[in-house]
Amino acid sequence: MAKRINNNFERTHGFHITDFAKSESVTDEAIRMRIRNFGSIYQRRKSPTKYEKMYGRTWYEIAEERKLHPQTIETHQTKYGDAYYYNPDWHLTKTVFEDVPRWRQAVQEGEYWNKQSPLYHPKHPDYDAYRAGELYPDDYIGGSKLTPAEVEQMMREAGWEKY
């Protein structure tokens, strides 16, 4: 295998842009656009979603944590103002349990929506403050009983490779 040219990106970050792009499942150009738009390879979007501001988690992470369909999380947020809403009178039926693995598998295979990556990569300097809700104290309401490390472990076990 031919040695790659030691470029400015590799000198600055200590690894080749192609290696990092493959780990993020994006192209080299997407990483360069992150640098151009945000000044960091570790920031994925311009601003966080409402779930990231309020709970320090993405919509998909909350769904995985609660073992509910992501649309159910959206319904709880819209109807009750809390993605972690729990109705003690609601009882899971057999059909609900049978449906859960199907939608997870469909999402893993990319059938009908994309999993949403967190705003920041775990190596970003503000990542811990972002997960703890310190970046948006006026919007953050928490709700999860899991620590950021437990959420990341859960997502890795669910087969999500962005962690």
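A residue is called buried here when its relative accessible area is under 20%, exposed when that area is over 50%, and partly exposed in between, with a 1.4 Å probe and protein chains only. By that rule Tyr 55 is buried, with a relative accessible area of 1%, and Tyr 51 counts as buried too, at 4% relative accessibility.

The structure is a predicted model, in which local features need pLDDT of at least 70 and side-chain atom pairs count only at pLDDT 80 or more, while totals for chains, interfaces and linings use all residues. Residues are numbered from 1 along each chain as its sequence is written, and side-chain values use heavy atoms, with hydrogens and water left out.

**Overall fold**

The protein chain has 9 helices and 0 strands, where helices (H or I, at least four residues) and strands (E, at least two) are DSSP runs numbered from the N terminus. Of its 163 residues, 37% are buried. Where residues at least 6 apart in sequence are in contact (heavy atoms within 4.5 Å), 55% of those contacts join residues at least 24 apart.

**Cores and aromatic rings**

In soluble globular proteins, nonpolar side chains tend to be buried together. A nonpolar core is taken as a set of buried Ala, Val, Leu, Ile, Met, Phe, Trp, Tyr and Cys residues joined through side-chain atoms within 4.5 Å. The largest such core has 9 residues, among them Tyr 51, Met 54, Tyr 55, Ile 62 and Tyr 84. Two or more of its residues come from each of α4 (50-55) and α5 (59-66), and α4 gives the most, with 3 residues. A second, separate core holds 7 residues, including Phe 20, Ile 31, Ile 41 and Tyr 42.

Leaving aside residues up to four places away in sequence, Ile 62 touches Tyr 51, Tyr 55, Arg 57, Ile 73, Ala 83 and Tyr 84.

Rings of Phe, Tyr and Trp (its six-membered ring) pair if their centres lie within 6.5 Å, and planes under 30 degrees apart count as stacked, over 60 as edge-to-face and the rest as tilted; the count comes to 8 aromatic pairs. Tyr 51 and Tyr 55 form a stacked pair, 6.4 Å centre to centre with 25 degrees between the planes, and both lie in helix α4, 4 residues apart, about one turn of the helix. Tyr 80 and Tyr 85 are also stacked, because their ring centres are 3.7 Å apart and their planes stand at 15 degrees; Tyr 80 is partly exposed at 39%, as is Tyr 85 at 24%. One aromatic cluster is formed by Phe 9, Phe 15, Phe 20 and Tyr 42.

Helix α5 is largely enclosed by the rest of the structure, because 6 of its 8 residues are buried; Glu 61, Glu 64 and Glu 65 are among them. Just after α5, Lys 67 takes a positive phi of about 55 degrees.

A salt bridge is a side-chain nitrogen of Lys or Arg within 4 Å of a carboxyl oxygen of Asp or Glu, and the count comes to 7. Some of them are listed below.

| Pair | N to O distance |
|---|---|
| Arg 45 and Glu 52 | 2.3 Å |
| Arg 57 and Glu 65 | 3.8 Å |
| Arg 131 and Glu 61 | 2.8 Å |

Arg 131 is buried at 1%, and Glu 61 counts as buried at 0%. Salt bridges that share partners also join Glu 24, Arg 34 and Arg 44 into one network.
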